[in-house]
Amino acid sequence: MSYDDKQEVNPQNTMTALEQTPSDDSPDHVSGAGVWRKLSVLDRLLSPLILLAMILGVVLSEFAPGFRERLNTVHFDSVSVPIAIGLVVMMWPVLTKVQYEQLPKLFSTRKIWIHIGISLVLNWLVGPFLMLGLAWATLPDLPTYRTGVIMVGLARCIAMVMIWNSIAQGDTEYCAILVVINAVLQIILYSPFALLFINIIGGRNAQDIHVSYRDVAISVLIYLGIPLLAGLTTRYTIWLCLGKQFLEKKFLPFFSPLALLGLLYTIIVLFAYQGHQILHNLGPVFRVFVPLVLYFVIMWLSALTLVYRLSRRQGGQGQIFRYDVAVTQAFTAASNNFELAIAVAIAVYGVDSHQALAATIGPLVEVPVLLALTWVALLSKQKLGWQRLDDSVERKHDV
């Protein structure tokens with residue numbers, strides 16, 4: 001079974017609210033109305049719930065300083081326990097959905113290695129240099145904030161990318177592969193990249209940073225290792241005890257909303273950490289918005305456009321460059337491991353530093369921007385011919 005054949009064997013391989021795609025002659029085929037109606041209730045409410053979570057976090061930070069101080073004191077090594085709890089809860093259901101039993105077959109194909117190669121170039125060459133350039137272009141007179149922005153650019157995707165990928169109907173197995181690969185590479189590369197991009201390339205008016213492999217490894221292992229182990233254990237325990245049918249039809253639909261609750265909790269905690277700082281540094285904060293918004297949009301559009309052009313070049317035979325993989329490429333390229341950037345910034349510069357504030361602004365911008373891009377992805381599936389391309393592949397498999 002090839003990398004793409006698995007789509008036929010198990011068409012429900014993603015945590016998605018769109019179970020079916022309208023036909024080409026459907027009146028909703030080229031409108032957002034069809035996408036909206038097919039979203040689950042939780043997906044429809046996600047945007048206002050995220051906004052309410054942000055407001056609640058700011059209120060707690062500004063008017064309940066004791067709550068903020070208690071959050072700052074709960075740490076394991078350099079890792080914030082409240083943030084870690086939210087991210088574990090957020091990733092646990094998503095990682096339970098991953099079909100780990102399919103991964104050995106995926107790695108045996110040439111196609112998966114082509115996509116991994118594309119992703120590595122986007123994540124570890126294009127992404128960091130793009131963020132570096134945008135930070136210097138927009139924040140030349142704010143070196144401390146610029147350092148925090150660069151630290152966000154160096155921390156590649158781990159957590160929230162799986163939420164956005166699932167909503168946009170991306171390939172869950174491929175996303176899990178990229179998450180694990182990026183986690184391993186972050187343990188190896190984050191420290192030397194931080195030294196290179198902040199101390200050497202960005203050395204003018206920048207404060208020196210020294211990051212230990214130990215701190216990075218502990219952060220990555222907690223933020224990824226715990227939910228990965230929990231997902232593996234949950235998936236195969238339920239499977240062995242109650243059967244695969246119960247797992248997919250009963251348990252996962254019931255368990256999946258926990259990921260969104262974890263997302264909302266994490267947003268509340270992040271704003272509770274830095275809401276006070278944000279309100280009292282509005283000028284620099286709004287300036288930090290600029291490179292971050294530009295980064296997320298440019299990286300996402302560039303990755304999606306690249307894979308789309310490659311798919312069209314194949315002349316309608318999209319076995320390699322399908323929509324679900326294109327979406328995964330786009331979101332993994334645009335997303336960042338903000339929890340690592342925040343943890344390192346706090347450990348090196350302090351919780352009230354400008355660097356930590358800039359790093360915290362990263363997810364505050366990333367969440368609404370990438371949530372909006374999930375809609376763009378779903379609409380592009382219909383309007384850009386992705387679905388017609390994918391349907392032709394499925395018909396070929398059926399023959």
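Colleague: What do the side chains of E248 and K244 meet in?
Modeller: The side chains of E248 and K244 meet in a salt bridge, with N to O at 4.0 Å, where a salt bridge is a side-chain nitrogen of Lys or Arg within 4 Å of a carboxyl oxygen of Asp or Glu. This is a predicted model, in which local features need pLDDT of at least 70 and side-chain atom pairs count only at pLDDT 80 or more, whereas totals for chains, interfaces and linings use all residues. Residues are numbered from 1 along each chain as its sequence is written, and side-chain values use heavy atoms, with hydrogens and water left out.

Colleague: And where do E248 and K244 lie?
Modeller: Both lie in helix 12 (residues 244–255), four residues apart, which is about one turn of the helix; helices (H or I, at least four residues) and strands (E, at least two) are DSSP runs numbered from the N terminus. E248 is partly exposed at 24% relative accessible area, and K244 is partly exposed as well, at 29%, given that buried means under 20%, exposed over 50% and partly exposed in between, with a 1.4 Å probe and protein chains only.

Colleague: How many salt bridges does the structure hold?
Modeller: The structure holds four, and one of them joins the side chains of E101 and R235 at 3.0 Å, N to O. E101 sits in the loop between helix 5 (81–97) and helix 6 (103–107) while R235 sits in helix 11 (residues 213–242), so this pair ties together parts that are 134 residues apart in sequence.

Colleague: Which side chain meets D141 in a salt bridge?
Modeller: That is R287, with N to O at 2.8 Å. D141 lies in the loop between helix 7 (110–138) and helix 8, and R287 in helix 14 (residues 282–313), so the pair ties together parts that are 146 residues apart in sequence. D141 is partly exposed at 49% relative accessible area, and R287 is partly exposed at 31%.

Colleague: Changing topic, at roughly what angle do the axes of helix 8 and helix 10 cross?
Modeller: The axes of helix 8 (residues 143–154) and helix 10 (residues 172–201) cross at roughly 145° and come within 10 Å; axes here are lines fitted to C-alpha atoms, for helices over the stretch in contact, and angles run from 0 to 180 degrees between N-to-C directions.

Colleague: Which residues make the contact?
Modeller: Helix 8 contributes T147, I150, M151 and L154, and helix 10 contributes Y190, F193, A194, F197 and I198, where contact means heavy atoms within 4.5 Å. By class, the contact has eight nonpolar residues, one polar residue and no charged ones, with Ala, Val, Leu, Ile, Met, Phe, Trp, Tyr, Cys and Pro counted as nonpolar, Asp, Glu, Lys and Arg as charged, and the others, Gly among them, as polar.

Colleague: What is the phi of Q169?
Modeller: Q169 has a positive phi of about 70° although it is not a glycine. Q169 is found in the loop between helix 9 and helix 10 and is buried, with a relative accessible area of 9%.

Colleague: And where is the place of N165?
Modeller: N165 is in helix 9 (residues 161–167) and is buried at 1% relative accessible area. Setting aside neighbours within four places in sequence, N165 is in contact with G170, D171, T172, C175, V327, T328 and F331.

Colleague: What lies 2.8 Å from a polar atom of the T360 side chain?
Modeller: The backbone oxygen of A356 does. T360 lies in helix 17 (residues 354–383) and is buried, with a relative accessible area of 2%. Apart from neighbours within four places in sequence, T360 is in contact with L270, Q274 and I342.

Colleague: Last one, which residues does Q277 touch?
Modeller: Not counting residues up to four places away in sequence, Q277 touches D352, S353 and L357. Q277 is in helix 13 (residues 257–279) and is buried at 15% relative accessible area, and its C-alpha atom is separated by 8.8 Å from that of E62, 215 residues apart along the chain.

Note on methods: A polar contact is a pair of N or O atoms within 3.5 Å; within protein, one must be able to donate a hydrogen and the other to accept it, and residues adjacent in sequence count only if both atoms are side-chain atoms.
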